[in-house]
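This briefing goes through one protein model by topic.

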Amino acid sequence: MAKISVTRCDRTRNFIIIFLLLSSINIIRGVNSLTSATATATATSLPHGLPYDKIVELAQKRYCTNSPKSNDNEPMKGRVAVITGAAGGIGGEISTLIYRLGGTVIALDRNTNGLEQLRSKLLSQVMIPVQQQEVVVRVVDSNSNSDDSSNSDADYNNINRSNTSNSDDDDNDESRIWTIQTNHEDLSSVASTAELIKSRYNHIDLLINNAGMTYPTDMHQQLTMEDEENDIRKNVLSAHGKDLVFTVNYLSHFLLTEKLLPSLYSSNNDDDNNSKENGRIVHITSTYHWKVDGSELMIPDVSLDNDDGPIAYQSDPKKQSSKHFERSYANTKLAQLWHSRAIGSRLKKRQQISSSNTICSVCACPTWASTYIAGNDGSEGKEFLDKYAYSILNCGPGITSSINAIFRQDDELDDAINDGSSFVANSRIVEYLYPANILSSDLVTNKLKWRDMLTDFASVLLLLLQKIYT
């Protein structure tokens with residue numbers, strides 16, 4: 001009997017070894033398939049590296065009248081960009097870049113101190129030399145691990161209504177930065193911000209959905225150990241009593257996008273700017289969406305008279321997945337990709353009706369970037385990312401994918417535009433990351449239940465290899 005047990009154990013071990021070897025082979029071969037919830041796509045290469053002069057050239061090509069001007073260092077003059085999570089991290093760096101290119105920045109965040117620091121920084125016109133970093137930029141399969149959140153710990157509740165000029169003439173430096181305190185966990189705050197923006201600007205050119213957060217790795221343990229005097233559960237609830245991460249990362253951006261769509265459409269009517277391109281929505285997403293198969297985002301069967309919404313949206317522990325806190329971030333990033341695809345579907349129908357150009361929607365994946373997703377300055381998590389992940393400072397490689405998603409022409413972005421079956425990435429290793437078709441198989445996802453574990457393994461592999469295979 002003992003011999004049989006040993007044999008079975010050896011077989012299981014051998015099976016695991018063979019499986020991992022096959023996975024490694026597929027990593028090298030670069031199998032690029034999406035989960036069963038989406039369609040297969042082919043990776044498309046983009047040029048290497050994005051030094052600042054190249055960024056200026058891209059912005060000139062996209063925004064300058066008629067043709068790029070070699071002496072035009074402010075190609076985004078007259079262009080308006082709305083950026084969420086702008087008080088720090090990727091959002092703060094993108095805000096600085098757009099302002100430096102002459103654009104008008106509408107910066108949204110809950111962190112009022114961070115917004116004020118951003119405003120002071122931009123108005124001081126600090127021109128920091130930009131690193132000439134070589135980064136491979138790719139458009140990759142969209143079933144995508146990044147850390148794309150900003151540090152936001154201030155009070156959420158009130159919208160800062162300063163600088164609310166009714167003029168669209170934003171030629172002076174001070175009027176080109178408008179900060180609005182926005183609480184992304186409170187949808188009423190997001191709705192108010194959208195209306196405030198529309199009341200001042202008759203069009204916007206860019207909407208960058210960047211704000212994000214994730215739960216601590218020990219959140220489930222914290223909740224099981226909580227006592228009546230220390231109600232930790234309030235830290236996982238949004239203002240309307242639903243899951244906090246799902247609300248901040250996805251619902252708030254869904255609402256903001258839908259409310260600002262008319263303003264993005266109207267950007268092509270701005271004759272004074274003679275726009276070569278119309279409005280664009282950029283979703284900062286993550287390769288971590290490979291962790292989930294989309295089932296927790298599905299609407300329950302309406303025939304069951306259940307109006308509670310998707311499992312990922314739930315705040316009641318009895319209605320949540322057993323791995324709710326582990327998968328929350330991944331679910332929101334997959335939801336962003338699906339929203340981008342839904343927007344693209346609507347745009348195609350709109351374009352069939354009208355011959356005029358329309359807006360576009362694109363997803364960008366920063367892979368591992370040194371942001372505040374793992375903690376504030378001085379924390380072990382932030383120090384770890386600073387050491388091993390891509391830098392985002394001064395147009396570092398951590399924001400290369402975002403820059404490409406913002407400025408590249410439609411044909412360069414291939415099916416990352418509107419289609420939603422791919423995304424813009426900043427590291428070659430993402431192409432070869434791992435076989436998503438194996439992850440989405442019934443064997444791995446449902447029978448062995450290894451999908452979560454293997455995705456975490458692949459994310460660590462990405463962190464270790466992304467700088468090598470750039």
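In which loop is Asn 394 found? Asn 394 is in the loop between α9 and α10 (400–407). The model is predicted, so local features need pLDDT of at least 70 and side-chain atom pairs count only at pLDDT 80 or more, while totals for chains, interfaces and linings use all residues. Residues are numbered from 1 along each chain as its sequence is written, and side-chain values use heavy atoms, with hydrogens and water left out.

- Asn 394 has a positive phi of about 55 degrees although it is not a glycine.
- Cys 395 is found in that loop too, and has a positive phi of about 60 degrees, again without being a glycine.
- Most residues other than glycine have a negative phi.
- Asn 394 is partly exposed at 22% relative accessible area, whereas Cys 395 counts as buried at 10%.
- The burial classes are buried for under 20% relative accessible area, exposed for over 50% and partly exposed in between, with a 1.4 Å probe and protein chains only.

- Helices (H or I, at least four residues) and strands (E, at least two) are DSSP runs, numbered from the N terminus.
- Strand β6 (residues 206–209) pairs with β7 in the parallel sense over 4 bridges; two strands pair if DSSP finds at least two bridges between them.
- Asn 209 has His 283 in β7 as its bridge partner.
- Strand β8 (residues 360–365) runs parallel to β7 and is joined to it by 5 bridges.
- Arg 280 has Cys 360 in β8 as its bridge partner.

**Cysteines**

- The structure holds 0 disulfides, a disulfide being a pair of cysteine sulfur atoms within 2.5 Å.
- Cys 365 is buried at 0% relative accessibility, and Cys 64 is buried at 3%.

**Cavity and pocket**

- The search uses a 1 Å grid over the protein atoms alone: a cavity is a set of points where a 1.4 Å probe fits but cannot get out, and a pocket is an open set with protein on both sides within 12 Å along at least five of seven lines.
- Lining residues have an atom within 4 Å of a point.
- Grid points are joined across faces, edges and corners, and a volume is the space filled by probe spheres set on the points.
- The largest cavity holds about 50 Å³, and its lining includes Asp 243, Phe 246, Glu 296 and His 324.
- Helix α8 (residues 324–353) gives the largest share of that lining, 5 residues.
- The second largest pocket holds about 460 Å³. Of its 23 lining residues, Gly 88, Gly 89, Glu 93, Tyr 372 and Leu 393 are the closest to its centre.
- The elements giving two or more residues to the lining of this pocket are α3 (89–100), α4 (112–123) and α9 (380–388).

**Salt bridges**

- The count is 12 salt bridges, where a salt bridge is a side-chain nitrogen of Lys or Arg within 4 Å of a carboxyl oxygen of Asp or Glu.
- Arg 79 and Asp 205 form one at 3.5 Å, N to O, and both residues are buried.
- Glu 195 and Lys 259 form another at 3.3 Å, N to O. This pair links distant parts of the chain, from helix α5 (residues 187–200) to helix α7 (residues 244–265), 64 residues apart.
- Glu 195 is partly exposed at 38% relative accessibility, and Lys 259 is partly exposed at 25%.
- Asp 386 and Lys 382 meet at 2.7 Å, N to O; both lie in helix α9, 4 residues apart, about one turn of the helix.
- Of this pair, Asp 386 is partly exposed at 42%, whereas Lys 382 is buried at 8%.
- Glu 296, Lys 323, Arg 327 and Asp 452 are linked in a network of salt bridges. Glu 296 and Arg 327 also line the largest cavity.
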